[in-house]
Amino acid sequence: MGFVGDREKIDRGSGSWDKGGCFFGGMKSLVRRKQVDSANSKSGSAHQLAKALTVPHLIAIGVGSTIGAGVYILVGTVAREHSGPALTISFLIAGIAAALSAFCYAELASRCPSAGSAYHYSYICVGEGVAWLIGWAVVLEYTIGGSAVARGISPNLAMLFGGPDSLPTFLARHTIPGLNVTVDPCAAILVFVVTGLLCVGIKESTMVQGFVTAVNICAMFFVIVAGGYLGFKTGWPGYELPVGYFPFGADGMLAGASTVFFAYIGFDSVASTAEEVKNPQRDLPMGIGFALSICCSLYMLVSAVIVGLVPYYAMDPDTPISSAFASHGINWAAYIITIGACTSLCSTLMGSILPQPRILMAMARDGLLPSFFSDVNKRTQVPVKGTVATGLLSGTLAFFMDVEQLSGMVSVGTLLAFTMVAISVLILRYVPPDEVPLPSSFQEAIDSVSLRHSGCNSGSDIDVETTKIPAVTSGDSTPLLVEISVGHPLVEKAAAKLNYIVRQRRKVAGWTIMSICIGVFILTSAASIVSLPNPARYTLCGIGGFLLLSGLIVLTCIDQDDGRHSFGHTGGFTCPFVPLLPIACILINVYLLINLGGATWARVSIWLLLGACIYALYGRTHSSLKNAVYVPATHVDEIYQTSANSLAC
């Protein structure tokens, strides 16, 4: 008795493991899920990433990746067009919205501390097809993001040298005659320098990023302290306006919040380093939480000072902070602010290049990409080949292309990842995977354990005896010990009834999560497409709202699955307010995705279609799960132990 095919279904009622046929053809590859990486599953790996990061390192990565030079521009643009003096509240609302995703990331990162971030979580909770698209979209995000950041450094460096055209000739931008292509040697050189630094080691590169980030924070503190002094001295003219604190109303404030939300993108870089953290169950949630809190506080303080120094309608949209100080006669402050912008861009560049090799490595480990990307250097314990490949691609794009028009594609990858992480939390809580894939090399151990348990469950092999066993319960409370016969028919009947209840509850939860996602999509689409006739809009909003609200009520009323307690690594962070918090996270992220614009989605669709073709031609057939055998999660350790004992003999 044992496993023979690719995918086995577990007959939970009888306890036997029999081959099923619920997945057919190529579709089964889209929904096959891998197991959480553990000491057992990693035991065959040749090299692992270095365990070198602690909370301060994670905070440096999170803050450095999040606070870019955009804040030095967003303050003016959003205040003029959307929020007015209420810009501080817009940053607060956006920070709270980002915190919803951060809570979801914190739980999954501590439970599944492995390289890959959202790709890894999607592969475990949803399936291989969705995980591939998330990983492919995130690769695009970091590639375009890193190139765009690098292209923004040279203009700021030029300001330090005296003007836009004051960089040395070998660093300055040049336009190639006849091709209308502007090359940026400075951007490419900076990308290659950062790539080399990342190849040295994760701890060394993180220390450098921490130093650069500290310089940026000092520049922001200068803005806060010096600007606050000027504000108290001049009576805060930006707040003394007849239009009040909300010149564009609550709608303008919320529109500003949706715009500045993208200033918080970057904390997910912390999750990508999960495999390199010494104590991931404790340090990852703390690193994500502290990084996001620091960024939100700095954003709010800077915006509160600047909109108070200058009336919002008089702010310079290109250099709002420098012009605010210049209006009070402090022109030299522009140099400090430019230094802050340069260091923030350099730190963000490191944060953009750092995660991509680790995502490529995770995908290569799973067989979805060539093994070239999974190699880890023995000395530095970092994926050097993947890092060099990433640096070459980003540096080439930064040298030849102005990728500003593609920057919206960065947001698509991030928001898709945020959405899928929130969905994964719901799946983890209500329908956690109870089948674990093992390589076909474990077939002998699987057959042995399968035969052992099948024999124990057969009526002829069971000695009826009286013992104390836990009474069957479906909740989380501690069961009472009841003296009852193990082989008694009542016990078997009660166990079968409980198994049926659990299966039905999981089925209801699964369909409910799907209906919530459909409801969110309908609701956000109807609310965003203003060209729809009002009756159609209201009808679709009603349908979407009904699916969303009814799904929330159902998940709130039913019990969360007990399997969540043994899913992945225990002792980490637990996301609060489930299912409300993940559902709110899904709603916000899908709304922002819908509103990114048709041109952005057209570009992203081409990239995703290319990814789907690559998966169909390579990933699906080379996946490490192609010939995997699925076994009950409760017996995985026993199978590993049996395999180890047979090898020892």
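In this predicted model, helix α6 meets helix α21 through residues of both helices. On the α6 side, the contact is made by Glu 128, Gly 129, Trp 132, Leu 133, Trp 136, Ala 137, Val 139 and Leu 140. On the α21 side, Trp 607, Leu 608, Leu 610, Gly 611, Ala 612, Ile 614, Tyr 615, Gly 619 and Arg 620 take part. The residues of this contact divide into 12 nonpolar, 3 polar and 2 charged. Two packed helices are described by the angle between their axes and the distance between the axes. The axes of α6 and α21 (residues 598-622) come within 10 Å. They cross at roughly 130°. The crossing of α6 past α21 is right-handed.

Helix α6 (128-160) also packs against the buried residues of α14. Helix α14 spans residues 355-365. Of its 11 residues, 10 are buried, so α14 is largely enclosed by the rest of the structure. The buried residues are Pro 355, Gln 356, Pro 357, Arg 358, Ile 359, Leu 360, Met 361, Ala 362, Met 363 and Ala 364. Their packing partners include α5 (118-125), α8 (202-234) and α10 (268-272). Helices α13 (333-353) and α15 (384-400) are also among them. After α14 comes Gly 367, whose phi is positive, near 85°.

Helix α5, one of the partners of α14, contains Ser 122. The relative accessible area of Ser 122 is 1%. Buried means under 20%, so Ser 122 counts as buried. Neighbours within four places in sequence are left aside in what follows.

The protein exposes about 27900 Å². Carbon and sulfur atoms supply 66% of that area.

Note on methods: Residues numbered from 1 in each chain as written. Predicted model: local features only at pLDDT ≥ 70, side-chain atom pairs only at ≥ 80, totals over all residues. Heavy atoms only, no water. Areas by Shrake-Rupley, 256 points an atom, 1.4 Å probe, with all protein chains shown as cover. Buried < 20%, exposed > 50% of the residue type's maximum accessible area, 1.4 Å probe, protein only. Helix = DSSP H or I, 4+ residues; strand = E, 2+ residues; numbered from the N terminus. Contact = heavy atoms within 4.5 Å. Axes fitted to C-alpha atoms, helices over the stretch in contact; angles between N-to-C directions. Left-handed = near helix turned anticlockwise from the far one by under 90°. Nonpolar A, V, L, I, M, F, W, Y, C, P; charged D, E, K, R; others polar.
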